[in-house]
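Please report on the fold of this protein chain and on its charged side chains. Begin with the salt-bridge partners, then move to the sheet and the helices.

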Amino acid sequence: MVAHLTMILLIYFLAAVAVQAMHQRHLSRPEPEGYEQILLIPSNQEQRIEGVVRALCRELFYRGKSFTLTVVADRMESETVRIIEKLMRKQGLEPSYLAAVPPDMERPKLNGDRTFRLIDLREPEH
């Protein structure tokens, strides 16, 4: 009986040490820089869009950032847009939409100081 109680105390002690270590690791991470604006151009990528959106959400979650997603799609009824909507609603977020990429967002700024991240999944034109 004493051995069982000792084992239970040891388990609780190890769990407390693990929680403390995780908390210290969390505190040692750099502070998040607020939120990030994502501009996504899906261009009929039904096969890979789910993986792209999940990876994006996972990356920003681990970095401790919140984000807004703007989808650039000329056809709002496409399957790609439906997949994005479904995934974003699971995250509790609502994407916004644009019919075309604004010209000032298409080209990167010279000093590299963007306030958004452009993810372009269109096929390269040859």
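Is Glu59 buried, partly exposed or exposed? Glu59 is partly exposed, with a relative accessible area of 29%. Buried means under 20% relative accessible area, exposed over 50%, and partly exposed in between, using a 1.4 Å probe and protein chains only.

## Basis of the model

This is a predicted model, in which local features need pLDDT of at least 70 and side-chain atom pairs count only at pLDDT 80 or more, while totals for chains, interfaces and linings use all residues. Residues are numbered from 1 along each chain as its sequence is written, and side-chain values use heavy atoms, with hydrogens and water left out.

## Overall fold

The protein chain has 4 helices and 4 strands. Along the sequence they follow the pattern α-β-α-β-α-β-α-β. Helices (H or I, at least four residues) and strands (E, at least two) are DSSP runs, numbered from the N terminus.

Of the 126 residues in the protein chain, 25% are buried.

The 4 strands form an open sheet with the order 3-2-1-4 and parallel pairing. Strand 3 (96–98) and strand 4 are the edge strands, each pairing on one side only. On average, neighbouring strands are turned by 25° against each other, direction ignored. Two strands pair if DSSP finds at least two bridges between them.

Strand 1 and strand 2 run parallel and pair over 6 bridges. Tyr35 stands opposite Ser66 in strand 2. Strand 2 (residues 66–72) is joined to strand 3 by 3 bridges, again in the parallel sense. Thr70 has Ser96 of strand 3 as its bridge partner. Strand 1 is largely enclosed by the rest of the structure, because 5 of its 7 residues are buried.

## Helices on the sheet

Helix 2 lies across strand 1, strand 2 and strand 4. Its direction is at about 170° to strand 1. Helix 3 also packs on the sheet, touching strand 1, strand 2 and strand 3. The direction of helix 3 makes about 165° with that of strand 2. For these angles, axes are lines fitted to C-alpha atoms, for helices over the stretch in contact; values run from 0 to 180 degrees between N-to-C directions.

## Salt bridges

How many salt bridges does the count come to? The count is 5. The rule asks for a side-chain nitrogen of Lys or Arg within 4 Å of a carboxyl oxygen of Asp or Glu.

One of them joins Glu36 and Arg117, at 2.7 Å from N to O. The pair links distant parts of the chain: Glu36 is in strand 1 (residues 35–41) and Arg117 in strand 4 (residues 116–120), 81 residues apart. Glu36 is buried, at 12% relative accessible area. Arg117 is partly exposed, at 23%. Arg117 also bridges to Glu59, with the closest N and O atoms 3.1 Å apart. Glu59 lies in helix 2 and Arg117 in strand 4, so this pair ties together parts that are 58 residues apart in sequence. Shared partners join Glu36, Glu59 and Arg117 into one network.

Glu50 and Arg54 meet in another salt bridge, at 2.9 Å from N to O. Both sit in helix 2 (residues 49–62), 4 residues apart, so about one helical turn separates them. Glu50 is partly exposed at 30% relative accessible area, and Arg54 is partly exposed at 37%.

Which side chain of opposite charge is nearest to Glu85? The nearest is Arg89, 4.1 Å away. Glu85 is buried yet has no salt bridge. Here Lys and Arg count as positive and Asp and Glu as negative; His and the chain ends are not counted. Glu85 lies in helix 3 (residues 79–90). Its side chain makes a polar contact with the side chain of Tyr97, at 2.6 Å. A polar contact is a pair of N or O atoms within 3.5 Å; within protein, one must be able to donate a hydrogen and the other to accept it, and residues adjacent in sequence count only if both atoms are side-chain atoms. Not counting residues up to four places away in sequence, Glu85 touches Pro95 and Tyr97.

Lys86 is also found in helix 3. Lys86 is partly exposed, with a relative accessible area of 43%. Lys86 and Glu50 are 36 residues apart in sequence, and their C-alpha atoms are 9.6 Å apart in space.

Note on methods: Contact = heavy atoms within 4.5 Å.
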